[in-house]
Amino acid sequence: MLLTLITRLVMFQPLFSLVESFADNVMRDTVDEPATGGIVWCELAGGYATHSGIYIGNNRIVHLSGDGEVLCSDRKGFMARLDGLNPAMSVYTDCEGNLPVGNIAAAGRASRALGSRHHYHLLTGNCHRFTATCLTGRPDNGVVLHRQLKQLQRGNTWRVWEG
């Protein structure tokens, strides 16, 4: 019985994520633009995973792609992971109340990393570790999960970037 319940919840996760994202866009406060050097993230695969990066200004996000290349994308390109099969509707950013929080040093580290290649590994060398490296300046930071990256959040909430 418990296994059946878990299976049903997993099957409906994409629907829950879609409803939550819609509510975030319609009912929650949004921000016009993340702060330079702010953490940004979106859901992947219907909410089963997330993708993160660093906002560097002018609608540009630096992030580690699945093939290990550090790319610069606009908001829509950032969400268009998984060969366009990602149904993400929202990009979230770190905020203190209603104000986006940034880190100029993180933006600089992200910008300097553009075009570089990394050994990508889903569990040990992914976008969250890259984002944490930009924030901390330490490639040995140990962050590989989204929840670990959230511990580096400087604000107290996440807001949808209205874009």
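Ala106, Ala107, Ala110 and Ala113 are buried in helix H3, residues 104-113. Buried means under 20% relative accessible area and exposed over 50%, with a 1.4 Å probe and protein chains only. An α-helix has 3.6 residues a turn, so residues three or four places apart point the same way. Ile104 and Arg112 sit on the other side of H3 and are exposed.

The buried residues of H3 pack against strands S3 (49-57), S4 (60-64) and S5 (70-73), and against helix H4 (127-136). Contact here means heavy atoms within 4.5 Å.

## Ends of H3

At the start of H3, a side-chain oxygen of Asn103 comes to within 3.1 Å of the backbone nitrogen of Ala105. Just after H3, Gly115 has a positive phi of about 85°.

## Basis of the model

This is a predicted model: local features need pLDDT of at least 70, side-chain atom pairs count only at pLDDT 80 or more, and totals for chains, interfaces and linings use all residues. Residues are numbered from 1 along each chain as its sequence is written, and side-chain values use heavy atoms, leaving out hydrogens and water.

## Pockets

The largest pocket holds about 440 Å³ of space. A pocket is an open set of points on a 1 Å grid over the protein atoms alone, where a 1.4 Å probe fits, with protein on both sides within 12 Å along at least five of seven lines; lining residues have an atom within 4 Å of a point. Its lining has 20 residues, and Leu44, Ala49, Thr50, Tyr120 and Leu122 lie nearest the centre. S3 gives the largest share of this lining, three residues. The lining divides into twelve nonpolar, seven polar and one charged residue.

The second largest pocket holds about 160 Å³. Its lining includes Leu64, His118, His119, Arg129 and Phe130. H4 supplies the largest share of that lining, three residues. Here the division is three nonpolar, six polar and one charged.

## Overall fold

The protein has five helices and eight strands. Helices (H or I, at least four residues) and strands (E, at least two) are DSSP runs, numbered from the N terminus. From the N terminus, the elements run α-β-β-β-β-β-α-β-β-α-α-α-β. Buried residues make up 42% of the 163 residues.

Terms used
Polar contact = N/O pair within 3.5 Å; in protein donor to acceptor, adjacent residues only side chain to side chain. Points joined across faces, edges and corners; volume = space filled by probe spheres on them. Nonpolar A, V, L, I, M, F, W, Y, C, P; charged D, E, K, R; others polar.
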